[in-house]
Amino acid sequence: KVKAVVMDEKEMDLTIRRIAHEVLEKLGGTDEAVLVGIQRRGVYLSHRIRDVIKSSGYKELPCGELDITFYRDDLSLMADHPMVHSTTMPVDITGKDIVLVDDVLFTGRTVRAALDALMDMGRPRRVLLAVLVDRGHRELPIHPDVVGRVVPTSRDEVVEVYVRELDDKDGIVIAEK
Ligand code: 5GP
Ligand code: MG
């Protein structure tokens, strides 16, 4: 059940453009930059950021993908552990400026798993984190460098992010779980 609309299609487009420009500003140069999208929607967002950066006159940045899913160990009292499943990285990330891109930042555990996976692949010069929505409830000391919108949520709410590539529309709403 939808409780509130956070962004319509137009606002989401503007926000992604701003994120792309903030990423450019923070990078200070695109020579060594690599975009890395997390899971499904983070991947599409990373492609949109790449396209905005390219249409602003910069080079087309390489885009990698990390597929991270939650693995529940039912035999222990431990919570869900995010595990990296599959990875596509078009270039050697050593010495590179990585921009991790995801749709929603929540506990931070997915980003932690993504950082682990990146460190296993090489030694990036630095890693920036760009997210479309920060919904709070962090359980680890992880903070985004670039944020589309801070959306305070309760734990029984979920932020639904629609991207036209998967959902036939763009937009963000808060829904009851
Ligand atoms: P975290 O690992 O920070 O707890 O959760 C972040 C990951 O789970 C992201 O990959 C994000 O896609 C997904 N996620 C967590 N909460 C939400 C939410 O409310 N809405 C959506 N769309 N994804 C979420
Ligand atoms: Mg996700």
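Biologist: Which element gives the largest share of the lining of the largest cavity?

Modeller: This is a predicted model, in which local features need pLDDT of at least 70, side-chain atom pairs count only at pLDDT 80 or more, and totals for chains, interfaces and linings use all residues. Residues are numbered from 1 along each chain as its sequence is written, chains are lettered from A and ligands numbered from 1 in the order written, and side-chain values use heavy atoms, without hydrogens and water. With three residues, the largest share of that lining comes from S6.

Biologist: How much space lies in the largest cavity?

Modeller: A cavity is a set of points on a 1 Å grid where a 1.4 Å probe fits but cannot get out. The count comes to one cavity of 30 Å³ or more. The space in the largest cavity is about 40 Å³.

Biologist: Which elements give two or more residues to the lining of the largest cavity?

Modeller: Lining residues have an atom within 4 Å of a point; here they include Ile16, Ile19, Leu45, Ile49, Val101 and Asp102. Ala130, Val131 and Leu132 are also among them. The elements giving two or more residues are H1, H2, S5 and strand S6 (126-134).

Biologist: How many charged residues does the lining of the largest cavity have?

Modeller: Asp, Glu, Lys and Arg count as charged. The lining has eight nonpolar residues and no polar ones, and its charged residues number one.

Biologist: At what angle do H1 and H2 pack?

Modeller: Helix H1 covers residues 9-27 and helix H2 residues 39-55, and their axes lie 9 Å apart. The angle is about 70 degrees. That makes H1, relative to H2, roughly perpendicular (65 to 115 degrees).

Biologist: Which residues of H2 make the contact with H1?

Modeller: Contact means heavy atoms within 4.5 Å. From H1 come Met12, Ile16, Arg17, Ile19, Ala20, His21, Val23 and Leu24. The residues of the contact divide into 10 nonpolar, one polar and two charged. The H2 side is made by Leu45, Arg48, Ile49, Val52 and Ile53.

Definitions and conventions
Axes are lines fitted to C-alpha atoms, for helices over the stretch in contact, and angles run from 0 to 180 degrees between N-to-C directions. Helices (H or I, at least four residues) and strands (E, at least two) are DSSP runs, numbered from the N terminus. Angles under 35 degrees count as roughly parallel, over 145 as roughly antiparallel, 65 to 115 as roughly perpendicular and the rest as oblique. On a 1 Å grid over the protein atoms alone, a cavity is a set of points where a 1.4 Å probe fits but cannot get out, and a pocket is an open set with protein on both sides within 12 Å along at least five of seven lines; lining residues have an atom within 4 Å of a point. Grid points are joined across faces, edges and corners, and a volume is the space filled by probe spheres set on the points.
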